[in-house]
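Please consult the sequence and the structure shown here.

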Amino acid sequence: MKEKKEKKPRPVREKRKPSMFMALASVLVLLVIFFFGSLADLAAPPLIAIAVSFVVFIGWYCGYTWEEMESYTAEKIKSAAPAMSVLLAVGFLLGAWMYSGTIPMFIYYGVQLVSEKWILVSAFILCAIFSTCTGTSWGSAATAGIAMMGIATAMPNVNIAAVAGACYTGAIFGDKLSSLSDTTILAALSTKNDIFKHIGHMSKTVIPAAIIGLIIYAIMGIRTEATGSGLPDNTLQLLDTLDTVYNWNIIVLLPLVIVVYGAITKKSSTVVMMISAQRRNYSSVWRFQSGNGGTCKRWFCSSRCRCRRY
């Protein structure tokens, strides 16, 4: 009888790291695909599929099986899950702060301290405070930055472009050093480092750059001739509207105190933001004024209340 031939086991492919050329090729292919895809007005999902196919080919060429690449992908998605929860909490937090009056209170008192000589420094500091407390550079530029630009447009001797740059750099400064920032959290998670250690390393370059920028802004402001015309009409109208809608008191700052305490004590960012956002259920009680100028007495004001809230 003929002996059955035994099947030879497949040789195990040697795994190796991709070369620098392969890594750069993956990035270039991704950029080229999305560049021409955007010109052709193509949807993003098929473009992503093409780019992923090229990366999978690189992985196969380096000796990795599909199961191994799949497990690595699942591991990275799992590590990014906390960052996704933080992104949801950030949106909830910003909406709650705007609802309760915390952000409008910063704008109301911040813009009244601005002068022509110190508008650049004030724009940087105000946006930096907003960004550090909220963890979002875009949200800070869209709130405090817009308020500062509104003041700058009515000042004839102020460089509008410099004010815009000061607002943007201040927002980026706080975004890099905030434990609530999505990019900071993603960077720490992707490198498997503690977020506060990551912020400490970032501060070594961010803080010196901010000091240099503040010195330049101060010199530019001192050389500016002040006209003494005061705040523009649109800013005065904004302040009057905020003063009419909101009832300013220290309770409005409680959500900010919670976030600052959580950052100092190194508590979980998601938990701190959710607790701070929930505080708006109490601080918003003091937020609105009724139509006759008095404070609404209802502890849980709803859409059926006759005050000016709705």
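Leu28 is found in helix H1, which covers residues 20-39; helices are DSSP runs of H or I with at least four residues, numbered from the N terminus. The model is predicted: local features need pLDDT of at least 70 and side-chain atom pairs pLDDT 80 or more, whereas totals for chains, interfaces and linings use all residues. Residues are numbered from 1 along each chain as its sequence is written, and side-chain values use heavy atoms, leaving out hydrogens and water.

Leu28 belongs to a nonpolar surface patch with Met20, Leu24, Val27 and Leu31, and together these residues have about 520 Å² of accessible area. Such patches join nonpolar side chains within 5 Å, from residues with over 30% relative accessible area and no salt bridge. The table lists accessibility, where buried means under 20% relative accessible area and exposed over 50% (1.4 Å probe, protein chains only).

| Residue | Relative accessible area | Class |
|---|---|---|
| Leu28 | 51% | exposed |
| Cys62 | 1% | buried |
| Cys167 | 4% | buried |

The structure holds zero disulfides, a disulfide being a pair of cysteine sulfur atoms within 2.5 Å. Cys167 is in no disulfide, and its nearest cysteine sulfur, that of Cys127, is 4.0 Å away.

Cys167 is one of the buried residues of H7, which include Ala166, Gly170 and Phe173. Asn159 caps the N-terminal end of H7, with a side-chain oxygen 3.1 Å from the backbone nitrogen of Ala161.

Note on methods
Helices (H or I, at least four residues) and strands (E, at least two) are DSSP runs, numbered from the N terminus. A polar contact is a pair of N or O atoms within 3.5 Å; within protein, one must be able to donate a hydrogen and the other to accept it, and residues adjacent in sequence count only if both atoms are side-chain atoms. Patches are made of residues with over 30% relative accessible area and no salt bridge: like charges are joined within 9 Å, nonpolar side chains (Val, Leu, Ile, Met, Phe, Trp, Tyr) within 5 Å. Accessible areas come from the Shrake-Rupley method with a 1.4 Å probe; for residues, only the protein chains shown count as cover. A salt bridge is a side-chain nitrogen of Lys or Arg within 4 Å of a carboxyl oxygen of Asp or Glu.
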